[in-house]
Amino acid sequence: MGLRSFFGILPPRVSYRGVSAPVEPVPIPEKIRLLWYKRTPSDLAVQIGKRVETGQDLARDGKGPFVSTVTGRVEDIGEFQGVDAREYLAITIITEQRDSFDPSLEAIEDFSETKPETLRAAVNRAGFTALSPIIRDPRVWPRVDALIISAMDLDPQSVANQQSFRDNTSEIGTAVELLARTTEALKCTLAVPDNLAGIATGVSMGAAAVVMVPPVYPYGLPEILAKKYGAGLLLHPHDTGFSGNTIVVGLDHALSMVHSLQGGKPMLEKTVTFSTGENGGFRNFRVRIGTPVSELLKMASVEPAAGGKLILNGTMRGYACFSDKQPVTATTESLHVQSPSEGFSFQDTQCTNCGKCNQVCPVDLEVNLLGRFSEYGIYDKSRTLGAENCIQCGLCAYVCPARRPLVQYITGAKQAIRSGLEEPVGMAEAMECDACGPSCPAIRLFDMGSDTEDSPKEKE
Amino acid sequence: MKTLDLTVSPAPHIHCGARITGVAYNFFLALLPTVAFGVYYYGFDAIRVIGASIASAMIAEAVFQYIMKKPITIADGSAAVSGLLLALILPASVPLYLVVVANFVGIIIAKQCFGGLGASPLNPVLVSWAIIRVTNTWAGFLDFDLTLINYDTGFLLQYPLAVLKAEGSAGLAHFSLLDLFLGRQGGGIGASAIIWLLAGGLYLVVRGMIRWEIPCSFLLGVIVVAGIFWLGNSKTYANPMFHILAGNVMIGAFFLSTDNSSAPVNRWGMVVFGFGCGAMTVVLRAWSVYPDGVVFACLLMSLFTPLFDKLRAKQVLPQPVYPITPATISGTVEERSGQ
Ligand code: SF4
Ligand code: SF4
């Protein structure tokens with residue numbers, strides 16, 4: 001969390017925590033809920049009341065895979081609003097405490113003997129998310145210039161990957177081998193936080209080169225790792241192809257992959273860091289995917305204060321839950337219980353142009369202008385300023401003395417650009433808009449030239 | 001089951017704690033020794049000007065915002081800081097109505113009409129001062145040698161820049177650099193307290209309230225350009241150290257040119273801006289009719305701020321998606337890397 005240098009000569013730093021927290025298993029809850037984005041009940045191969053096995057593919061042919069993480073009976077199929085405010089298809093399963101594994105998953109003994117396509121198919125079938133958006137057809141695979149296995153955590157509130165590194169040094173070589181083979185990357189790198197250098201020296205990393213990464217946010221974010229230690233850009237799938245060249249996989253995820261492929265099991269569990277208060281109470285819980293957040297609270301015997309927040313995935317980029325029924329998903333890294341006094345509220349103030357946001361932005365955006373253009377809907381300008389390059393790290397809003405919700409403004413602009421909305425509102429229109437007259441802070445002197453040329457012609 | 005009372009808000013969920021008011025508080029703290037200096041030497045008159053200036057700046061802002069039905073933001077302290085800074089570059093003898101008029105002009109025309117804090121293309125303090133300076137009937141009030149004649153400060157109360165303008169560098173023999181540094185010179189209420197301004201300015205830099213690039217390059221600009229003049233003709237033009245220690249340069253470098261909304265925010269922009277302010281100051285001192293050029297130099301450079309802010313790397317926009325081609329569909333790593 002925030003480390004505000006007393007003599008603020010440097011911008012405030014947000015450091016990762018170097019604490020070690022042993023991984024504690026959480027028992028399988030009575031009910032779990034699995035979420036599936038952008039799907040309808042007709043995509044499912046199961047109905048209410050049916051019994052499912054652990055590892056069973058619940059999706060209709062060609063739609064999936066959508067893997068059950070428990071054995072039990074389907075209680076309900078419905079819609080669920082995820083913590084990111086998107087609608088998900090949710091399937092609720094009443095669990096049996098014992099797993100009976102779906103026999104269609106096969107164990108793979110030796111990764112080096114197996115073809116990459118087979119590995120990709122197996123990883124995909126087991127339900128791993130790190131590669132699944134890219135693997136739509138295991139035979140179609142983009143060129144991957146760099147693979148980074150990261151022992152860095154995504155957020156200062158998470159210590160899950162670090163702990164995996166501490167606990168599983170003997171298996172890292174295998175994980176590197178598996179992922180290098182699966183992704184067919186030309187170069188493989190293991191990113192280790194600086195403070196664990198002592199452990200890293202004694203470990204066999206297989207074919208991977210090791211880089212020591214300063215334990216300062218946002219170095220652990222995949223985008224930054226890809227930029228600094230990979231080949232530049234994260235690999236993204238699009239409808240028509242791919243963009244980018246680097247894949248970043250968390251170490252915890254990579255090790256789960258090894259275990260499940262070797263044992264013929266699906267992706268079952270996730271290490272979730274639980275923390276509470278300003279500094280305290282870091283615990284790592286190993287939970288079944290689909291476990292509701294309330295189980296973690298029960299396990300830690302913590303009750304959020306009235307008006308507090310339950311934050312999934314960290315205080316910088318994460319989401320505040322609106323209910324404790326929100327399940328842990330394959331991408332959940334941490335759960336932070338925040339008391340009202342720790343939080344702050346955004347304000348609807350105008351930018352004072354202090355430039356602190358520009359100073360901290362890890363992708364070097366002109367956030368002072370970007371925030372204003374995005375706020376006022378001048379999206380063509382936002383685009384030329386690089387709104388799409390923003391990685392939503394949250395640092396600009398963290399330092400802004402005016403407490404502007406900068407990330408929201410920029411994300412809004414990004415979404416508008418993506419959906420092609422940048423055309424209707426441009427600088428020319430804004431100049432004609434009389435709503436705020438000459439006081440419109442988005443328009444600065446000398447910035448009034450013809451900007452129509454800048455607006456992108458094609459939509460993505 | 002009991003439902004929890006949870007707050008939902010967008011990321012990030014923590015904040016470093018900085019506030020807009022923090023900037024104003026730190027400015028006040030940094031200027032405290034300077035104010036004490038002014039009050040010590042000019043007594044009640046200094047208090048009078050400073051008080052009137054702060055009050056009128058805040059009232060100007062409040063009145064305008066009330067009339068325009070905008071939220072009244074005088075509590076953020078920015079208007080008060082502007083008022084204080086204006087007072088510090090005025091002589092202690094200035095009539096109060098002038099202070100009030102200047103503040104109303106500066107705050108309303110230069111700041112509020114452009115959208116308030118952060119949106120003004122020119123620093124309101126500088127505009128206020130310039131209004132007095134360029135108005136024929138008022139300009140006399142800014143003549144330090146005439147207006148300060150009645151004060152007994154225990155040192156020679158002479159405005160060094162006016163001496164320089166009138167007599168060339170030959171007339172400066174009785175100004176030792178140490179005296180200038182300690183503030184034993186005629187000038188604004190606070191602008192001559194060089195040592196205290198330097199201390200306050202360094203405090204602000206260290207606390208991150210102003211960026212170091214602007215003051216450093218400002219002073220560098222003064223030294224370089226004054227050095228060129230001095231090397232060319234040391235009879236007419238004063239040496240660079242004199243330029244740094246006389247007049248408004250110190251207050252300009254740390255407090256006037258660093259105004260957030262009228263200065264660039266990107267590193268190289270700030271460097272060029274600061275250097276330009278410093279260079280322009282010396283040029284105006286040497287060639288214009290005004291003894292000091294800091295205010296006009298800063299105003300002039302502020303006009304180019306949006307241009308200076310473009311001195312930075314362009315963002316690389318996302319590349320187009322590359323389609324799935326047969327080359328990417330099959331083949332092993334070895335085959336592909338051999339392509
Ligand atoms: S959230 Fe975006 S704009 Fe803000 S600092 Fe991070 S990358 Fe830069
Ligand atoms: S940090 Fe906030 S107030 Fe400062 S320039 Fe950025 S958006 Fe404006």
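The entries below follow my reading of a predicted model.

**Entry 1, strand 7 of chain A.** I began with strand 7 of chain A, which spans residues 87-95 and is mostly covered, with seven of its nine residues buried. I then looked up its neighbours, and found that strand 4 (residues 31-37) pairs with strand 7 in the antiparallel sense over seven bridges, with A:Y88 as the bridge partner of A:Y37. Strand 6 (residues 72-81) also pairs with strand 7 in the antiparallel sense, over nine bridges, and here A:V74 has A:I93 as its partner. Strands 6 and 7 form a hairpin with five residues between them, and A:A85 in the turn has a positive phi of about 65°.

A:E109 sits in the loop between strand 7 and helix 1 (116-125) of chain A, and I list A:E109 as exposed because its relative accessible area is 71%, where exposed means over 50%. In chain B I noted a nonpolar surface patch of about 620 Å², made by B:I59, B:V63, B:Y66, B:I67, B:M68 and B:I72. B:V63 belongs to helix 2 (residues 44-67) of chain B and counts as partly exposed at 35% relative accessibility.

A:D102 forms a salt bridge with A:R125, with the closest N and O atoms 3.9 Å apart. A:D102 lies in the loop between strand 7 and helix 1 and A:R125 in helix 1, so this pair ties together parts of chain A that are 23 residues apart in sequence; both residues are buried.

A:R120 forms a salt bridge with A:E184 at 2.8 Å between the closest N and O atoms, and this pair links A:R120 in helix 1 with A:E184 in the loop between helix 3 (172-183) and strand 9 (188-193), 64 residues apart. Are these two buried or exposed? A:R120 is buried at 2% relative accessible area, and A:E184 is buried at 4%.

In chain B, the side chains of B:R267 and B:E213 meet in a salt bridge of 2.7 Å, N to O. B:R267 lies in helix 14 (residues 267-287) and B:E213 in helix 11 (residues 213-232), so the pair ties together parts that are 54 residues apart in sequence. I list B:R267 as partly exposed at 43% relative accessibility, whereas B:E213 is buried at 2%.

Definitions and conventions: Residues are numbered from 1 along each chain as its sequence is written. Chains are lettered from A and ligands numbered from 1 in the order in which they are written. This is a predicted model: local features need pLDDT of at least 70, side-chain atom pairs count only at pLDDT 80 or more; totals for chains, interfaces and linings use all residues. Side-chain values use heavy atoms; hydrogens and water are left out. Helices (H or I, at least four residues) and strands (E, at least two) are DSSP runs, numbered from the N terminus. Buried means under 20% relative accessible area, exposed over 50%, partly exposed in between (1.4 Å probe, protein chains only). Two strands pair if DSSP finds at least two bridges between them. Patches are made of residues with over 30% relative accessible area and no salt bridge: like charges are joined within 9 Å, nonpolar side chains (Val, Leu, Ile, Met, Phe, Trp, Tyr) within 5 Å. Accessible areas come from the Shrake-Rupley method with a 1.4 Å probe; for residues, only the protein chains shown count as cover. A salt bridge is a side-chain nitrogen of Lys or Arg within 4 Å of a carboxyl oxygen of Asp or Glu.
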